[in-house]
Amino acid sequence: MISELPIWGVFALFALAAVTILFCGLRMTDLADRLADRTGLGEAVIGGVLLGAATSLSGTIVSLTAALDGRASLAFSNGVGGIAAQTAFLALADLIHRRANLEHASAEPANLFQGAFLMLMLTVPFLAFSTPEITFWSVHPLSVILVFLYVLGIVGTSRVRERPMWKPVRTNETRYDVSDEETDSDRSPVRLLVPFVALMVVLSAAGWTIARCGFVIADELGVSSTAVGALMTAVATSLPELVTTIAAVRRGALQLAVGGIIGGNTFDVLFLTLSDIGYRDGSLFHAVEAQDFFWLSVGLFMTAILLLGLILRQKQGPAGIGFESAGILLVYGGAIL
């Protein structure tokens, strides 16, 4: 049992699980990029839906495990804290892409749509918190609505990519999604999907380990569940997004990088639905504390800055990055402080 380990052993196990998540995420980026080419769905859709959901799997397990254990704040803060951390990862990736501002070079209507849709979904928990505590089988109705919204978002993203009504202005630094079929001409999508699913299973096991270690750390050290959720488990389970984003940028799959972060954040909102189902003592949204909603506000604020950057498309900022990346990093650092 993890609870019987000495505290240093718990931290060591936590680190081992985090490293496992890290390496799984690196491999999944390569597979996702190939699947985007072989299926013809494109980097923005594969990144936003398949890669975003898969790399968020470990975080899903953490939130659900915490909710089943009655730890509402940890379940909630793990989900919303991950959204803030992953958006900050995108700003870090902008530092690596030195040719131009990442948001300028990755122009894609599907990413704009997903960014706006993410902001819409992030307002739902505030609506749930500000309305009476009405539940059915201990589940708030707005938790179910979140799922329907997510499905609508997937359909809308696909339609925007297939039949865009807006097109970005092309510049010398704009990177379009170009299929590289020669590298995978002998591999079917199924042969790429099998190892992808296997890595998802490993991520699930690592996520469960992270959750149990987080419980012990919070109890043994007396750290608040909000701090553990937003700054430890959320960051650890978000490592795949950091790896996949940087790897995608380095291989030139810029739309996959941006779509993976935004899509992963959209999927992370569903952590709250699963957590509300797992939490059996009433509505999760009425059981959490004020500082948990602080991190939800931070995530919403950072997403708004990112969306503004995607629309404005500043080519190059004074420090080699766009205003949105600088703003995102400042907001995240300030929130931690």
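View 1. Phe294 counts as partly exposed, with a relative accessibility of 40%. In this predicted model, the structure holds eight aromatic pairs. One of them joins Phe294 and Trp295, whose ring centres are 5.6 Å apart; their planes stand at 75 degrees, so the pair is edge-to-face. Trp295 counts as buried, at 6% relative accessibility.

**View 2. Trp295 and Tyr332 across two helices.** Trp295 also forms an aromatic pair with Tyr332. The centre-to-centre distance is 6.1 Å and the angle between the planes is 65 degrees, an edge-to-face arrangement. Trp295 belongs to helix H12 and Tyr332 to helix H13 (residues 323-336), so this pair ties together parts that are 37 residues apart in sequence. Tyr332 has a relative accessible area of 12%, which is under 20%, so Tyr332 is buried.

**View 3. Helix H12 and the residue that follows.** Helix H12 covers residues 290-312, 23 residues in total. From its first C-alpha to its last, helix H12 reaches 33 Å, close to the 33 Å expected at 1.5 Å a residue. Arg313 follows H12 and has a positive phi, near 55 degrees.

**View 4. A cluster of phenylalanine rings.** One aromatic cluster is formed by Phe76, Phe126, Phe129 and Phe293.

**View 5. Surroundings of Ser143.** Ser143 lies in helix H7, which spans residues 141-162. With a relative accessible area of 0%, Ser143 is buried. Leaving aside residues up to four places away in sequence, Ser143 touches Leu272, Thr273, Asp276 and Phe285.

Notes
Residues are numbered from 1 along each chain as its sequence is written. This is a predicted model: local features need pLDDT of at least 70, side-chain atom pairs count only at pLDDT 80 or more; totals for chains, interfaces and linings use all residues. Side-chain values use heavy atoms; hydrogens and water are left out. Helices (H or I, at least four residues) and strands (E, at least two) are DSSP runs, numbered from the N terminus. Buried means under 20% relative accessible area, exposed over 50%, partly exposed in between (1.4 Å probe, protein chains only). Contact means heavy atoms within 4.5 Å. The expected span of a helix is 1.5 Å times one less than its number of residues. Rings of Phe, Tyr and Trp (its six-membered ring) pair if their centres lie within 6.5 Å; planes under 30 degrees apart count as stacked, over 60 as edge-to-face and the rest as tilted.
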